[in-house]
Amino acid sequence: MKNRLKVLRAERNWTQAKLASELEVSRQTVNAIEKEKFDPSLPLAFKAARLFGLSIEDIFQDEAQS
Amino acid sequence: MDDSKTRSADWAATAKRNTVRLGYWTFAWVATMAVATFGPKYVWDFATLPTILAVLVNLGMGFGMIVANNRYLQGLDELHKKIFLDAGAFTLGVGLVCGLSYELLENIKLISFEPEISHLVMLMSLAFLAGLIFGHRKYQ
């Protein structure tokens with residue numbers, strides 16, 4: 001699954017640690033999601049969407065559809 | 001934002017507390033296992049009551065460790081939970097396959113000694129450690 005987490009984070013000048021803290025996960029988890037090695041659960045995707053004020057589809061894209 | 005900072009701090013503090021608590025329970029279980037193992041021989045000369053008490057205390061610590069381990073697992077974030085569960089599944093497979101094969105080796109007289117459960121525990125510990133290392137490297 002593709003995502004724009006890294007871009008959205010960079011736009012806010014946030015470190016991975018800061019984003020991890022906001023999402024209540026570890027920095028390694030944020031790194032793995034940004035590198036598209038790990039797909040987040042739906043609750044975590046919703047949390048990220050709420051944090052950035054966007055919809056889930058604005059952050060995460062299904063590779064099969066892109 | 002302040003609220004989310006508080007929640008983040010809470011989450012990190014809870015994860016740390018769960019890890020420390022699991023460490024204490026594991027230490028207590030290992031220590032009481034040592035008492036139950038060596039106490040009868042070296043301390044109370046196989047007297048029944050202290051031996052039963054030592055075994056019961058060890059069992060209690062063991063159940064406490066299981067609960068602490070479960071709480072630790074529930075407190076992990078989703079990636080670490082996945083790494084932990086993958087390593088657990090690998091360990092279960094290794095334990096089952098190698099444990100039964102080990103027993104079979106003795107049954108069919110390919111080894112002359114009695115298989116020891118401690119060998120299986122050591123193998124499972126190494127398998128779990130390898131699973132954790134592999135998982136962490138995979139998601140680095």
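## Salt bridges and the basis of the model

A salt bridge is a side-chain nitrogen of Lys or Arg within 4 Å of a carboxyl oxygen of Asp or Glu, and between chain B and chain A the count of such bridges is zero. This is a predicted model, in which local features need pLDDT of at least 70 and side-chain atom pairs count only at pLDDT 80 or more, while totals for chains, interfaces and linings use all residues. Residues are numbered from 1 along each chain as its sequence is written, chains are lettered from A in the order in which they are written, and side-chain values use heavy atoms, with hydrogens and water left out.

## The overall form of chain B

Chain B has four helices and zero strands, where helices (H or I, at least four residues) and strands (E, at least two) are DSSP runs numbered from the N terminus. Its radius of gyration, taken over C-alpha atoms, is 20 Å, well over the 14 Å that the globule rule (2.2 Å times the number of residues to the power 0.38) gives for 140 residues, so chain B is more spread out than a compact globule. The C-alpha atoms of chain B fill a box of roughly 65 × 40 × 15 Å along the principal axes.

Of the 140 residues of chain B, 27% count as buried, a word that here means under 20% relative accessible area with a 1.4 Å probe and protein chains only. Among the contacts in chain B with a separation of 6 or more, 65% come from residues 24 or more positions apart, a contact being heavy atoms within 4.5 Å.

## Where chain B meets chain A

The contact takes 15 residues from chain B and 17 residues from chain A. The area buried between the two chains, which is the accessible area (1.4 Å probe) lost on putting them together and summed over both, is about 1,400 Å², and carbon and sulfur atoms give 49% of this area. Across the interface there are seven residue pairs in polar contact, both at pLDDT 80 or more; a polar contact is a pair of N or O atoms within 3.5 Å, and within protein one must be able to donate a hydrogen and the other to accept it, while residues adjacent in sequence count only if both atoms are side-chain atoms.

On the side of chain B that touches chain A, helix 1 (2–42), helix 3 (78–107) and helix 4 (117–138) each supply at least two residues, and the largest share, five residues, comes from helix 3 of chain B.

How values were computed:
Buried means under 20% relative accessible area, exposed over 50%, partly exposed in between (1.4 Å probe, protein chains only).
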